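Subject: Handover of a structure

Dear colleague,

Please find below the structure that I am passing on to you.

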Amino acid sequence: MGKYFGTDGFRGEANVSLTADQAFKIGKFLGYYYSKKNKNCKVLIGKDTRRSSYMFEYAIAAGITSTGADVYLLHVTSTPSVSYVVRTEQFDVGVMISASHNVYSDNGIKLINSNGEKLEESVTDMIEDYLDGKIPEVPYATKTDIGRTVDYFAGRNRYIGYLISIPMNSFKGKKVALDLANGSAFQIAKGVFDALGAETYVINNTPNGANINDNAGSTHIEGLQKYVIENKMDVGFAYDGDADRCLAVDENGNIVDGDKILYICGKLMHEEGKLKKDTVVTTVMSNLGLYKAFDKIGIKYEKTAVGDKNVQASIALNDYSLGGEQSGHIIFAKHANTGDGVLTSLKLMDAVISKKNTLGELAKDVELYPQSLKNVKVSDKIKCMEDKDVLKVKDEVDAALGNDGRLLLRASGTENVVRIMIEATDLKICDKYTKMIEDVIIKKGYIV
(Lines give C-alpha, C1' and ligand atoms only; values in the text may rest on other atoms or scores of the structure.)
Protein backbone atom coordinates (compact mmCIF):
# COMPACT_ATOMS: atom_id res chain seq x y z
CA MET A 1 0.00 0.00 0.00
CA GLY A 2 1.47 3.32 -1.08
CA LYS A 3 1.50 6.86 0.24
CA TYR A 4 -1.48 7.97 -1.87
CA PHE A 5 -2.93 4.86 -3.49
CA GLY A 6 -4.56 2.40 -1.09
CA THR A 7 -6.49 -0.79 -1.76
CA ASP A 8 -9.07 1.12 -3.82
CA GLY A 9 -7.27 4.03 -5.44
CA PHE A 10 -6.26 7.51 -4.31
CA ARG A 11 -9.05 8.76 -2.03
CA GLY A 12 -9.51 11.88 0.07
CA GLU A 13 -11.51 15.04 0.63
CA ALA A 14 -11.80 16.97 -2.64
CA ASN A 15 -9.32 19.88 -2.85
CA VAL A 16 -8.04 19.11 0.65
CA SER A 17 -6.20 15.78 0.55
CA LEU A 18 -6.94 15.10 -3.13
CA THR A 19 -6.57 18.19 -5.31
CA ALA A 20 -7.19 19.18 -8.92
CA ASP A 21 -3.43 19.77 -9.32
CA GLN A 22 -2.71 16.20 -8.24
CA ALA A 23 -5.37 14.92 -10.63
CA PHE A 24 -3.76 16.84 -13.50
CA LYS A 25 -0.36 15.36 -12.67
CA ILE A 26 -1.79 11.84 -12.45
CA GLY A 27 -3.34 12.32 -15.89
CA LYS A 28 -0.10 13.76 -17.26
CA PHE A 29 1.95 10.81 -16.04
CA LEU A 30 -0.59 8.27 -17.34
CA GLY A 31 -0.61 9.89 -20.79
CA TYR A 32 3.18 10.03 -20.93
CA TYR A 33 3.75 6.50 -19.58
CA TYR A 34 1.26 4.74 -21.85
CA SER A 35 2.10 6.84 -24.92
CA LYS A 36 5.64 5.46 -24.68
CA LYS A 37 4.14 1.98 -24.98
CA ASN A 38 1.62 2.86 -27.70
CA LYS A 39 1.88 5.99 -29.84
CA ASN A 40 -1.89 5.78 -30.43
CA CYS A 41 -2.61 5.63 -26.70
CA LYS A 42 -6.28 5.76 -25.61
CA VAL A 43 -7.41 6.40 -22.03
CA LEU A 44 -10.98 5.87 -20.81
CA ILE A 45 -12.50 8.02 -18.05
CA GLY A 46 -15.74 7.54 -16.11
CA LYS A 47 -17.08 9.39 -13.07
CA ASP A 48 -19.77 9.24 -10.41
CA THR A 49 -22.28 11.96 -9.53
CA ARG A 50 -20.29 13.97 -6.96
CA ARG A 51 -19.97 17.69 -7.59
CA SER A 52 -16.17 17.41 -7.60
CA SER A 53 -16.14 14.57 -10.13
CA TYR A 54 -16.55 17.04 -12.98
CA MET A 55 -13.53 19.03 -11.83
CA PHE A 56 -11.39 15.92 -11.54
CA GLU A 57 -12.61 14.57 -14.89
CA TYR A 58 -11.44 17.69 -16.74
CA ALA A 59 -8.20 17.95 -14.75
CA ILE A 60 -7.23 14.35 -15.52
CA ALA A 61 -8.29 14.67 -19.16
CA ALA A 62 -6.21 17.84 -19.52
CA GLY A 63 -3.18 16.08 -18.08
CA ILE A 64 -3.56 13.10 -20.38
CA THR A 65 -4.11 15.10 -23.58
CA SER A 66 -1.24 17.46 -22.73
CA THR A 67 1.17 14.57 -23.31
CA GLY A 68 -0.36 13.42 -26.61
CA ALA A 69 -2.74 10.63 -25.58
CA ASP A 70 -6.44 10.62 -26.46
CA VAL A 71 -9.19 10.61 -23.83
CA TYR A 72 -12.60 8.94 -24.19
CA LEU A 73 -15.25 10.14 -21.73
CA LEU A 74 -17.98 7.81 -20.51
CA HIS A 75 -19.24 10.63 -18.26
CA VAL A 76 -21.44 9.47 -15.33
CA THR A 77 -21.13 5.72 -15.21
CA SER A 78 -20.17 2.86 -12.89
CA THR A 79 -16.73 1.51 -12.03
CA PRO A 80 -17.61 -1.90 -13.53
CA SER A 81 -18.56 -0.27 -16.85
CA VAL A 82 -15.11 1.34 -17.06
CA SER A 83 -13.55 -2.05 -16.35
CA TYR A 84 -15.69 -3.70 -19.05
CA VAL A 85 -15.06 -1.11 -21.76
CA VAL A 86 -11.31 -0.93 -21.09
CA ARG A 87 -11.07 -4.71 -21.35
CA THR A 88 -13.26 -5.22 -24.42
CA GLU A 89 -12.36 -2.18 -26.53
CA GLN A 90 -8.56 -2.17 -26.33
CA PHE A 91 -7.93 0.86 -24.16
CA ASP A 92 -4.49 1.24 -22.65
CA VAL A 93 -5.77 2.23 -19.22
CA GLY A 94 -8.96 3.37 -17.52
CA VAL A 95 -9.75 5.95 -14.84
CA MET A 96 -12.80 5.99 -12.56
CA ILE A 97 -13.41 9.11 -10.52
CA SER A 98 -15.28 8.06 -7.40
CA ALA A 99 -14.99 7.68 -3.64
CA SER A 100 -17.38 4.74 -3.73
CA HIS A 101 -19.49 4.69 -0.54
CA ASN A 102 -17.85 7.76 1.04
CA VAL A 103 -19.64 11.06 1.65
CA TYR A 104 -20.03 13.48 -1.27
CA SER A 105 -17.20 15.78 -0.11
CA ASP A 106 -14.67 12.98 -0.64
CA ASN A 107 -13.57 11.75 -4.02
CA GLY A 108 -11.14 9.25 -5.45
CA ILE A 109 -9.18 8.21 -8.51
CA LYS A 110 -9.28 4.51 -9.35
CA LEU A 111 -6.95 3.23 -12.07
CA ILE A 112 -7.77 0.17 -14.16
CA ASN A 113 -5.39 -1.75 -16.43
CA SER A 114 -6.10 -3.05 -19.94
CA ASN A 115 -7.43 -6.33 -18.50
CA GLY A 116 -10.10 -4.46 -16.56
CA GLU A 117 -8.35 -5.06 -13.21
CA LYS A 118 -6.92 -2.68 -10.61
CA LEU A 119 -3.71 -1.12 -11.95
CA GLU A 120 -0.45 -2.77 -10.96
CA GLU A 121 1.32 -1.33 -7.92
CA SER A 122 4.51 -0.96 -9.93
CA VAL A 123 2.78 1.77 -11.98
CA THR A 124 1.01 3.46 -9.07
CA ASP A 125 4.36 3.55 -7.24
CA MET A 126 5.81 5.51 -10.17
CA ILE A 127 2.82 7.88 -10.13
CA GLU A 128 3.41 8.52 -6.43
CA ASP A 129 7.08 9.26 -7.09
CA TYR A 130 6.05 11.69 -9.82
CA LEU A 131 3.60 13.44 -7.48
CA ASP A 132 6.40 13.80 -4.92
CA GLY A 133 8.91 15.18 -7.45
CA LYS A 134 11.11 12.10 -7.38
CA ILE A 135 10.75 11.61 -11.14
CA PRO A 136 11.78 14.35 -13.59
CA GLU A 137 8.99 16.43 -15.16
CA VAL A 138 7.49 14.74 -18.22
CA PRO A 139 7.36 16.67 -21.52
CA TYR A 140 4.28 18.28 -23.03
CA ALA A 141 3.10 17.44 -26.52
CA THR A 142 2.86 20.31 -29.00
CA LYS A 143 1.06 21.22 -32.23
CA THR A 144 -0.76 18.28 -33.81
CA ASP A 145 0.70 15.85 -31.26
CA ILE A 146 -1.58 17.18 -28.51
CA GLY A 147 -4.25 14.63 -27.66
CA ARG A 148 -7.98 15.00 -28.16
CA THR A 149 -11.06 14.35 -26.03
CA VAL A 150 -13.97 12.26 -27.32
CA ASP A 151 -17.48 11.84 -25.86
CA TYR A 152 -17.99 8.08 -25.64
CA PHE A 153 -21.55 7.36 -24.56
CA ALA A 154 -21.47 4.37 -26.96
CA GLY A 155 -19.14 2.51 -24.58
CA ARG A 156 -21.59 2.77 -21.69
CA ASN A 157 -24.45 1.67 -23.95
CA ARG A 158 -22.50 -1.43 -25.00
CA TYR A 159 -21.93 -2.27 -21.35
CA ILE A 160 -25.67 -1.98 -20.68
CA GLY A 161 -26.36 -4.28 -23.62
CA TYR A 162 -23.88 -6.77 -22.23
CA LEU A 163 -25.59 -6.80 -18.84
CA ILE A 164 -28.97 -7.45 -20.46
CA SER A 165 -27.51 -10.47 -22.29
CA ILE A 166 -26.30 -12.25 -19.13
CA PRO A 167 -29.43 -13.57 -17.29
CA MET A 168 -30.86 -16.89 -18.44
CA ASN A 169 -34.42 -16.03 -17.42
CA SER A 170 -37.00 -13.34 -18.02
CA PHE A 171 -37.80 -11.21 -14.97
CA LYS A 172 -41.40 -10.74 -16.06
CA GLY A 173 -43.91 -10.67 -13.20
CA LYS A 174 -41.33 -9.78 -10.53
CA LYS A 175 -41.60 -6.56 -8.54
CA VAL A 176 -38.07 -5.28 -8.04
CA ALA A 177 -37.00 -2.27 -5.98
CA LEU A 178 -33.66 -0.58 -6.68
CA ASP A 179 -31.87 1.86 -4.38
CA LEU A 180 -29.50 3.73 -6.68
CA ALA A 181 -27.74 5.72 -3.93
CA ASN A 182 -28.04 8.89 -6.06
CA GLY A 183 -24.91 7.56 -7.70
CA SER A 184 -23.47 5.91 -10.78
CA ALA A 185 -26.21 3.31 -11.22
CA PHE A 186 -28.96 5.88 -11.82
CA GLN A 187 -28.52 5.79 -15.62
CA ILE A 188 -27.92 2.05 -15.84
CA ALA A 189 -29.77 -0.26 -13.46
CA LYS A 190 -33.44 0.52 -14.07
CA GLY A 191 -33.10 0.28 -17.83
CA VAL A 192 -31.49 -3.15 -17.52
CA PHE A 193 -34.20 -4.54 -15.24
CA ASP A 194 -36.94 -2.99 -17.41
CA ALA A 195 -35.44 -4.61 -20.51
CA LEU A 196 -35.53 -8.00 -18.76
CA GLY A 197 -39.23 -7.63 -18.04
CA ALA A 198 -39.23 -6.71 -14.35
CA GLU A 199 -41.73 -4.33 -12.81
CA THR A 200 -39.03 -1.96 -11.60
CA TYR A 201 -39.30 0.68 -8.90
CA VAL A 202 -36.48 3.01 -7.93
CA ILE A 203 -35.55 5.18 -4.96
CA ASN A 204 -32.67 7.63 -4.50
CA ASN A 205 -32.29 8.25 -8.22
CA THR A 206 -32.08 12.06 -8.37
CA PRO A 207 -28.40 12.96 -7.92
CA ASN A 208 -27.59 16.63 -7.34
CA GLY A 209 -23.85 16.41 -6.70
CA ALA A 210 -24.16 16.41 -2.93
CA ASN A 211 -26.61 13.61 -2.08
CA ILE A 212 -24.64 10.56 -3.22
CA ASN A 213 -24.85 7.86 -0.48
CA ASP A 214 -26.78 10.34 1.71
CA ASN A 215 -29.02 8.02 3.76
CA ALA A 216 -29.15 5.92 0.61
CA GLY A 217 -27.69 2.86 -1.03
CA SER A 218 -25.91 -0.16 0.38
CA THR A 219 -24.47 1.73 3.38
CA HIS A 220 -27.94 2.91 4.49
CA ILE A 221 -30.08 -0.02 3.46
CA GLU A 222 -32.84 0.60 6.01
CA GLY A 223 -34.65 2.84 3.50
CA LEU A 224 -34.82 0.02 0.97
CA GLN A 225 -35.98 -2.44 3.65
CA LYS A 226 -38.90 -0.17 4.51
CA TYR A 227 -39.76 0.36 0.83
CA VAL A 228 -39.77 -3.37 0.07
CA ILE A 229 -42.10 -4.14 2.97
CA GLU A 230 -44.50 -1.24 2.42
CA ASN A 231 -44.82 -1.84 -1.32
CA LYS A 232 -44.80 -5.66 -1.21
CA MET A 233 -41.77 -6.06 -3.46
CA ASP A 234 -40.42 -9.49 -4.38
CA VAL A 235 -36.85 -8.29 -3.88
CA GLY A 236 -34.77 -5.16 -3.46
CA PHE A 237 -31.20 -4.31 -4.47
CA ALA A 238 -29.02 -1.49 -3.11
CA TYR A 239 -25.84 -0.23 -4.76
CA ASP A 240 -23.07 2.04 -3.53
CA GLY A 241 -21.92 5.31 -5.09
CA ASP A 242 -19.97 3.81 -7.99
CA ALA A 243 -22.13 0.67 -8.27
CA ASP A 244 -19.36 -1.88 -7.82
CA ARG A 245 -21.12 -3.50 -4.88
CA CYS A 246 -24.62 -4.72 -4.13
CA LEU A 247 -26.58 -5.78 -1.08
CA ALA A 248 -30.08 -7.25 -1.30
CA VAL A 249 -33.32 -7.21 0.68
CA ASP A 250 -35.62 -10.22 0.61
CA GLU A 251 -39.43 -10.21 0.39
CA ASN A 252 -39.70 -9.84 4.18
CA GLY A 253 -37.31 -6.90 4.40
CA ASN A 254 -34.35 -8.94 5.66
CA ILE A 255 -30.85 -7.99 4.50
CA VAL A 256 -29.05 -10.44 2.24
CA ASP A 257 -25.40 -9.43 2.53
CA GLY A 258 -22.38 -10.38 0.45
CA ASP A 259 -21.83 -13.64 2.32
CA LYS A 260 -25.38 -14.82 1.65
CA ILE A 261 -25.11 -13.72 -1.98
CA LEU A 262 -21.94 -15.81 -2.33
CA TYR A 263 -23.77 -18.78 -0.83
CA ILE A 264 -26.85 -18.51 -3.07
CA CYS A 265 -24.91 -17.99 -6.29
CA GLY A 266 -22.15 -20.42 -5.33
CA LYS A 267 -24.65 -23.15 -4.52
CA LEU A 268 -26.47 -22.72 -7.85
CA MET A 269 -23.19 -22.71 -9.79
CA HIS A 270 -22.10 -25.81 -7.85
CA GLU A 271 -25.33 -27.63 -8.74
CA GLU A 272 -24.98 -26.64 -12.40
CA GLY A 273 -21.32 -27.71 -12.57
CA LYS A 274 -20.15 -24.13 -13.20
CA LEU A 275 -18.26 -23.52 -9.95
CA LYS A 276 -14.64 -24.13 -10.89
CA LYS A 277 -12.83 -26.43 -8.45
CA ASP A 278 -15.97 -26.24 -6.30
CA THR A 279 -14.35 -23.29 -4.56
CA VAL A 280 -15.50 -19.79 -3.60
CA VAL A 281 -13.01 -17.04 -2.71
CA THR A 282 -13.83 -15.00 0.41
CA THR A 283 -11.96 -12.57 2.63
CA VAL A 284 -11.07 -13.08 6.27
CA MET A 285 -14.06 -10.89 7.18
CA SER A 286 -16.66 -13.37 5.89
CA ASN A 287 -18.90 -14.77 8.60
CA LEU A 288 -18.26 -18.18 10.16
CA GLY A 289 -21.86 -19.06 9.32
CA LEU A 290 -21.02 -18.90 5.61
CA TYR A 291 -18.23 -21.43 5.97
CA LYS A 292 -20.39 -23.82 7.97
CA ALA A 293 -23.10 -23.57 5.29
CA PHE A 294 -20.54 -24.26 2.56
CA ASP A 295 -19.21 -27.26 4.51
CA LYS A 296 -22.70 -28.81 4.56
CA ILE A 297 -23.03 -28.75 0.76
CA GLY A 298 -19.44 -29.64 -0.14
CA ILE A 299 -18.21 -26.26 -1.35
CA LYS A 300 -14.59 -25.38 -0.55
CA TYR A 301 -13.34 -21.86 0.08
CA GLU A 302 -10.24 -19.71 0.03
CA LYS A 303 -9.67 -16.79 2.39
CA THR A 304 -7.78 -13.67 1.33
CA ALA A 305 -6.90 -10.40 3.03
CA VAL A 306 -9.59 -7.71 3.00
CA GLY A 307 -10.14 -6.01 -0.38
CA ASP A 308 -11.73 -7.05 -3.66
CA LYS A 309 -8.32 -6.60 -5.28
CA ASN A 310 -7.07 -9.55 -3.22
CA VAL A 311 -10.15 -11.59 -4.10
CA GLN A 312 -9.56 -10.95 -7.80
CA ALA A 313 -5.88 -11.88 -7.48
CA SER A 314 -6.81 -15.25 -5.95
CA ILE A 315 -9.43 -15.90 -8.62
CA ALA A 316 -6.97 -15.12 -11.41
CA LEU A 317 -4.09 -17.08 -9.89
CA ASN A 318 -6.12 -20.23 -9.19
CA ASP A 319 -8.65 -20.09 -12.04
CA TYR A 320 -11.68 -19.85 -9.76
CA SER A 321 -15.04 -18.56 -10.95
CA LEU A 322 -16.61 -16.79 -7.96
CA GLY A 323 -15.48 -14.68 -5.04
CA GLY A 324 -16.34 -11.63 -3.01
CA GLU A 325 -16.70 -9.72 0.21
CA GLN A 326 -19.31 -9.48 2.93
CA SER A 327 -19.76 -5.81 1.93
CA GLY A 328 -21.18 -6.82 -1.45
CA HIS A 329 -18.20 -6.71 -3.82
CA ILE A 330 -18.90 -9.91 -5.78
CA ILE A 331 -16.79 -11.07 -8.73
CA PHE A 332 -18.25 -13.42 -11.36
CA ALA A 333 -15.06 -14.25 -13.26
CA LYS A 334 -16.83 -15.40 -16.41
CA HIS A 335 -18.35 -11.96 -16.87
CA ALA A 336 -16.07 -9.42 -15.16
CA ASN A 337 -12.68 -8.84 -13.55
CA THR A 338 -14.02 -6.62 -10.81
CA GLY A 339 -16.96 -6.34 -8.44
CA ASP A 340 -20.11 -5.25 -10.29
CA GLY A 341 -23.21 -4.33 -8.30
CA VAL A 342 -25.70 -4.43 -11.15
CA LEU A 343 -24.30 -7.71 -12.47
CA THR A 344 -24.54 -9.16 -8.95
CA SER A 345 -28.21 -8.17 -8.68
CA LEU A 346 -28.92 -9.77 -12.06
CA LYS A 347 -27.22 -13.04 -11.08
CA LEU A 348 -29.08 -13.12 -7.77
CA MET A 349 -32.40 -12.42 -9.49
CA ASP A 350 -31.62 -15.15 -12.02
CA ALA A 351 -31.00 -17.58 -9.15
CA VAL A 352 -34.36 -16.73 -7.56
CA ILE A 353 -36.18 -17.43 -10.81
CA SER A 354 -34.16 -20.55 -11.69
CA LYS A 355 -34.84 -22.09 -8.28
CA LYS A 356 -38.52 -21.03 -8.38
CA ASN A 357 -38.19 -19.76 -4.84
CA THR A 358 -38.03 -16.56 -2.84
CA LEU A 359 -34.79 -14.81 -1.94
CA GLY A 360 -35.55 -15.31 1.75
CA GLU A 361 -35.88 -19.07 1.32
CA LEU A 362 -32.65 -19.30 -0.68
CA ALA A 363 -30.74 -17.37 1.99
CA LYS A 364 -32.08 -19.15 5.07
CA ASP A 365 -29.44 -21.92 5.09
CA VAL A 366 -26.78 -19.39 6.10
CA GLU A 367 -27.12 -18.72 9.81
CA LEU A 368 -24.85 -15.76 10.39
CA TYR A 369 -23.02 -15.74 13.71
CA PRO A 370 -23.33 -12.64 15.91
CA GLN A 371 -20.30 -10.44 15.33
CA SER A 372 -18.54 -7.78 17.38
CA LEU A 373 -16.17 -5.39 15.62
CA LYS A 374 -14.06 -2.89 17.59
CA ASN A 375 -11.57 -0.43 16.12
CA VAL A 376 -8.99 0.51 18.78
CA LYS A 377 -6.83 3.58 18.11
CA VAL A 378 -3.28 2.90 19.23
CA SER A 379 0.05 4.72 19.29
CA ASP A 380 1.92 1.96 17.42
CA LYS A 381 -0.07 -0.79 15.73
CA ILE A 382 2.98 -2.92 14.91
CA LYS A 383 4.30 -2.99 18.47
CA CYS A 384 0.81 -3.64 19.76
CA MET A 385 0.31 -6.61 17.43
CA GLU A 386 3.69 -8.06 18.43
CA ASP A 387 3.25 -7.54 22.18
CA LYS A 388 3.58 -10.87 24.04
CA ASP A 389 0.69 -10.09 26.41
CA VAL A 390 -1.60 -9.15 23.52
CA LEU A 391 -0.63 -12.36 21.73
CA LYS A 392 -1.22 -14.35 24.91
CA VAL A 393 -4.79 -13.08 25.36
CA LYS A 394 -5.39 -13.66 21.65
CA ASP A 395 -4.43 -17.33 22.06
CA GLU A 396 -6.64 -17.62 25.15
CA VAL A 397 -9.66 -16.24 23.29
CA ASP A 398 -8.99 -18.48 20.29
CA ALA A 399 -8.93 -21.52 22.58
CA ALA A 400 -12.09 -20.47 24.43
CA LEU A 401 -14.05 -19.95 21.20
CA GLY A 402 -13.00 -23.29 19.73
CA ASN A 403 -15.13 -24.40 16.76
CA ASP A 404 -18.10 -22.29 17.84
CA GLY A 405 -16.57 -18.93 17.07
CA ARG A 406 -13.50 -17.13 15.82
CA LEU A 407 -11.27 -14.16 16.48
CA LEU A 408 -9.67 -11.90 13.90
CA LEU A 409 -7.13 -9.47 15.35
CA ARG A 410 -5.39 -7.34 12.74
CA ALA A 411 -3.70 -4.01 12.19
CA SER A 412 -5.42 -1.55 9.87
CA GLY A 413 -3.67 -1.02 6.55
CA THR A 414 -4.34 2.73 6.52
CA GLU A 415 -4.32 4.05 10.13
CA ASN A 416 -2.87 3.37 13.57
CA VAL A 417 -5.79 1.17 14.48
CA VAL A 418 -6.02 -2.42 15.70
CA ARG A 419 -9.26 -4.13 14.67
CA ILE A 420 -10.82 -6.75 16.94
CA MET A 421 -13.46 -8.90 15.27
CA ILE A 422 -15.09 -11.75 17.19
CA GLU A 423 -17.87 -14.11 16.12
CA ALA A 424 -19.64 -16.44 18.52
CA THR A 425 -22.99 -18.09 19.13
CA ASP A 426 -24.10 -15.20 21.34
CA LEU A 427 -23.40 -11.46 21.12
CA LYS A 428 -22.66 -11.34 24.87
CA ILE A 429 -19.80 -13.77 24.31
CA CYS A 430 -18.48 -11.55 21.48
CA ASP A 431 -18.61 -8.46 23.68
CA LYS A 432 -16.98 -10.28 26.62
CA TYR A 433 -13.91 -11.38 24.64
CA THR A 434 -13.65 -8.10 22.73
CA LYS A 435 -13.41 -6.24 26.05
CA MET A 436 -10.91 -8.80 27.34
CA ILE A 437 -8.52 -8.04 24.46
CA GLU A 438 -9.13 -4.29 24.57
CA ASP A 439 -8.39 -4.23 28.31
CA VAL A 440 -4.95 -5.76 27.72
CA ILE A 441 -4.20 -3.19 25.00
CA ILE A 442 -5.21 -0.42 27.41
CA LYS A 443 -3.18 -1.91 30.28
CA LYS A 444 -0.07 -2.07 28.12
CA GLY A 445 -0.41 1.64 27.32
CA TYR A 446 -1.04 1.48 23.57
CA ILE A 447 -4.30 3.45 23.55
CA VAL A 448 -4.05 6.96 22.11
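Which residue takes a positive phi in the hairpin of β10 and β11? In this predicted model, the residue is Ala 243, with phi near 60°, and the hairpin has six residues between the strands.

In general, the strands of a sheet pair through backbone hydrogen bonds, in either a parallel or an antiparallel manner.

Both senses can be followed from β10. Strand β8 (residues 175-179) runs parallel to strand β10 (residues 235-239), and four bridges join them. Here Leu 178 stands opposite Phe 237 of β10. With β11, by contrast, β10 runs antiparallel, again joined by four bridges. Phe 237 has Ala 248 as its bridge partner in β11.

Strand β11 then pairs with β12 over two bridges, in the antiparallel sense. Val 249 has Ile 255 as its bridge partner in β12. The hairpin of β11 and β12 has five residues between the strands, and Gly 253 takes a positive phi near 85° in that hairpin. Within β11, Cys 246 and Ala 248 point one way, whereas Leu 247 and Val 249 point the other way; all are buried.

Helix α3 and its surroundings

Eight of its ten residues are buried, so α3 is largely enclosed by the rest of the structure. The buried residues are Thr 79, Pro 80, Ser 81, Val 82, Ser 83, Tyr 84, Val 85 and Val 86. They pack against strands β3 (42-47), β4 (70-76), β5 (93-97) and β6, and against helices α5 and α11.

Helix α3 (residues 79-88) and helix α5 (residues 153-165) meet at an angle of about 100°, and their axes are 9 Å apart. At this angle α3 is roughly perpendicular to α5. From α3, the residues in contact are Pro 80, Ser 81, Tyr 84 and Val 85, and from α5 they are Gly 155, Arg 158, Tyr 159 and Tyr 162. The residues of this contact comprise five nonpolar, two polar and one charged.

Salt bridges

The structure holds 27 salt bridges. Among them is that of Asp 132 with Lys 3, whose closest N and O atoms are 3.3 Å apart. Asp 132 lies in the loop between α4 (121-131) and β7 (149-151), and Lys 3 in the segment before β1 (5-6), so that distant parts of the chain, 129 residues apart, are linked. Asp 132 is partly exposed, with a relative accessible area of 30%, while Lys 3 is exposed, at 57%.Asp 8 forms a salt bridge with Lys 118, with the closest N and O atoms 3.1 Å apart. This pair also links distant parts of the chain: Asp 8 is in the loop between β1 and β2 (9-13), and Lys 118 is in the loop between β6 (106-112) and α4, 110 residues apart. Asp 8 is buried, with a relative accessible area of 14%.

The side chains of Lys 110 and Asp 244 meet in a further salt bridge, at 3.4 Å from N to O. Lys 110 is in strand β6 and Asp 244 is in the loop between β10 and β11, so this pair ties together parts that are 134 residues apart in sequence. Both Lys 110 and Asp 244 are buried. Through shared partners, salt bridges join Asp 8, Arg 11, Lys 110, Lys 118, Asp 242, Asp 244 and Asp 308 into one network.

Positive phi values

Most residues other than glycine have a negative phi. Asn 215, which is not a glycine, has a positive phi of about 50°. Asn 215 lies in the loop between β9 and α7 and is exposed, with a relative accessible area of 56%. Lys 277 likewise has a positive phi, near 60°, and is placed in the loop between α8 (258-271) and β13 (279-283). Gln 90, which follows α3, has a positive phi near 55°.

Yours sincerely

Key:
Residues numbered from 1 in each chain as written. Predicted model: local features only at pLDDT ≥ 70, side-chain atom pairs only at ≥ 80, totals over all residues. Heavy atoms only, no water. Axes fitted to C-alpha atoms, helices over the stretch in contact; angles between N-to-C directions. Parallel < 35°, antiparallel > 145°, perpendicular 65-115°, else oblique. Contact = heavy atoms within 4.5 Å. Nonpolar A, V, L, I, M, F, W, Y, C, P; charged D, E, K, R; others polar. Pairing = 2+ DSSP bridges. Salt bridge = Lys/Arg side-chain N within 4 Å of Asp/Glu carboxyl O. Buried < 20%, exposed > 50% of the residue type's maximum accessible area, 1.4 Å probe, protein only.
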